[in-house]
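Hi,

Here is the structure I said I would pass on. Have a look at it first, and my notes follow below.

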Amino acid sequence: MVPKITSMAVAKPLCSVSCLLLSSSLVFVVSLLFFFSNSLTSDQNPRISLDTYQTGINVFVAELPRSLNYGLLDKYWSSSPDSRIPSDPDHPTRKTNSPKPEKYPPYPENPLIKQYSAEYWIMGDLETPPEKRTGSFAKRVFSESEADVVFVPFFATLSAEMELGNGKGSSFRKKSGNEDYQRQRQVLDFLRNTQAWKRSGGRDHVFVLTDPVAMWHVRQEIALSILLVVDFGGWFRQDSKSFNGTSLPERIEHTQVSVIKDVIVPYTHLLPRLDLSQNKRRHSLLYFKGAKHRHRGGLIREKLWDLLVDEHGIVMEEGFPNATGREQSIRGMRNSEFCLHPAGDTPTSCRLFDAIQSLCIPVIVSDNIELPFEGMIDYSEFSVFVSVSDALRPKWLANHLRNFSERDKETFRSRMAKGQSVFVYDNGKADGIGPIQHDGAVNHIWKKVQQKVPMVKEAVFRERRKPAGTSVPLRCQCI
């Protein structure tokens with residue numbers, strides 16, 4: 001006799017299948033909602049929130065003498081005017097009473113130096129009392145064994161610029177009589193005698209080298225360290241024979257730097273921030289202010305200048321945003337839809353970050369450029385990138401920019417406004433001591449440094465297990 005199948009026996013498996021299908025459908029719908037939610041968030045804001053990352057990075061500050069950081073500022077403020085500029089805002093012609101020495105003196109307002117002031121704001125954050133550092137991504141520790149990295153508190157840029165500003169540019173690369181070299185040597189001699197350096201070979205040490213000539217004489221000795229630089233332009237050895245004046249050489253050899261181990265950081269902007277609500281109608285198509293004649297990759301700038309200077313709606317001005325040029329730059333950038341950013345002596349300059357603060361859409365003409373915080377920021381959402389070959393075609397650039405609609409430009413500016421704070425170092429305190437912006441430049445820098453830590457540890461462990469007496473040639477100066 002064939003057993004009778006009841007309706008109840010069929011119902012259970014049918015229910016299970018239905019429940020499974022329903023659950024799968026819900027998971028699919030939730031996944032779609034999550035995807036679109038993330039897409040919309042990304043479109044609205046070109047940055048990734050620091051909240052999505054880990055809680056912080058442990059930083060030990062090497063115990064260098066004060067004479068190599070804040071003491072260097074004391075020396076700067078009691079020095080003579082900068083010989084390179086006609087009017088030094090930090091050393092006016094009429095002598096006034098010298099300011100009383102402070103524990104944390106202010107950083108120079110001289111634009112040649114201020115643009116490189118990252119070292120001051122990073123150090124100021126680490127010097128701030130713990131109770132005021134609740135928004136800081138870097139957690140200062142006071143034992144080397146607890147640290148992820150060791151921060152080297154040497155104001156390398158200020159040291160180099162003081163040597164150059166004293167009229168010693170011709171002898172800058174010489175060691176004899178060079179006070180900057182003596183300070184570089186003092187830093188390295190101190191670090192090499194610490195257990196932290198001996199343990200890692202300096203790989204986990206962080207140097208702030210925003211000036212292209214900072215630590216010039218000891219670069220080979222810090223080649224394995226984590227370097228915070230504004231770009232790689234001052235670190236390349238170029239084959240001049242392959243340079244034809246229109247583009248960079250096809251082969252560029254890295255001497256010490258690499259995106260694998262180092263961090264690209266922003267210049268300090270020199271122009272004030274313009275809020276999107278204050279934006280007014282812009283009357284110029286494209287604006288540029290700077291020196292026409294540059295070296296190396298900057299030769300492109302001369303050719304662009306000659307092509308654009310007579311174009312309708314394009315303003316090309318020579319100069320640097322010092323006391324008088326600053327106001328001119330503010331007006332020029334706020335009155336123009338686009339701001340030109342060609343290479344100078346190095347691929348980038350503070351001009352790019354002035355444009356962002358002025359809500360002037362950057363037009364970046366470069367085939368070889370590295371930008372701060374890539375991977376966190378998508379620059380294509382608020383900038384126009386143009387190849388050198390296209391930019392040097394007569395009429396091409398102006399026509400290309402005129403093809404952007406008003407809606408396109410409004411979208412660029414809206415996205416730019418949401419990312420302005422990412423490039424801000426200043427915490428509003430004259431001495432640099434105090435809470436920093438949670439979404440500002442200092443926190444983003446430490447987040448990028450944190451990304452390098454696993455590779456640094458791997459390199460340190462590999463070095464430790466090498467048998468005594470063996471030598472493994474470096475494949476590159478990466479890590």
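Helices (H or I, at least four residues) and strands (E, at least two) are DSSP runs, numbered from the N terminus.

Bear in mind that this is a predicted model, where local features need pLDDT of at least 70, side-chain atom pairs count only at pLDDT 80 or more, and totals for chains, interfaces and linings use all residues. Residues are numbered from 1 along each chain as its sequence is written, and side-chain values use heavy atoms, with hydrogens and water left out.

Let me start with helix α10. Its buried residues are Cys350, Arg351, Leu352, Phe353, Asp354, Ala355, Ile356 and Gln357. That is eight of the eight residues of α10, so the helix is largely enclosed by the rest of the structure. Just after α10, Leu359 has a positive phi of about 55°.

Now the sheets. I count two strands as paired if DSSP finds at least two bridges between them.

How many of the residues of β12 are buried? Five of the five, so β12 is largely enclosed by the rest of the structure. Ile361, Val363 and Val365 point one way from the strand, while Pro362 and Ile364 point the other way. In a regular strand, side chains alternate between the two faces of the sheet. On one side, β12 pairs with β11 in the parallel sense over five bridges, and Pro342 has Val365 as its bridge partner in β12. Strand β12 (residues 361-365) also pairs with β13, again parallel, over three bridges; there Ile364 stands opposite Phe385.

The other open sheet I'd point you to has six strands in the order β2-β1-β3-β4-β5-β8, with parallel pairing. Its edge strands are β2 (138-141) and β8, each pairing on one side only. Strand β4 (residues 205-208) is covered on both faces: His205 and Phe207 on one side and Val206 and Val208 on the other are all buried. Two bridges link β4 in parallel to β3 (residues 149-151), with Val150 opposite His205 and Phe151 opposite Val206. Three bridges join β4 to the parallel strand β5 (residues 226-229), where Leu227 is the bridge partner of Phe207.

On to salt bridges, which I define as a side-chain nitrogen of Lys or Arg within 4 Å of a carboxyl oxygen of Asp or Glu. The count comes to 21.
- Glu337 and Arg413 meet at 3.0 Å, N to O. Glu337 lies in strand β11 and Arg413 in helix α13 (residues 406-419), so the pair ties together parts that are 76 residues apart in sequence. Glu337 counts as buried at 8% relative accessibility, and Arg413 counts as buried at 6%.
- Arg183 and Glu179 meet at 3.8 Å, N to O. Both lie in helix α6 (residues 179-192), four residues apart, about one turn of the helix. Arg183 is buried at 8% relative accessibility, whereas Glu179 is partly exposed at 31%.
- Arg192 bridges to Glu221, with the closest N and O atoms 3.3 Å apart. Arg192 lies in helix α6 and Glu221 in the loop between β4 and β5, so this pair ties together parts that are 29 residues apart in sequence.

Cheers

Key:
Buried < 20%, exposed > 50% of the residue type's maximum accessible area, 1.4 Å probe, protein only.
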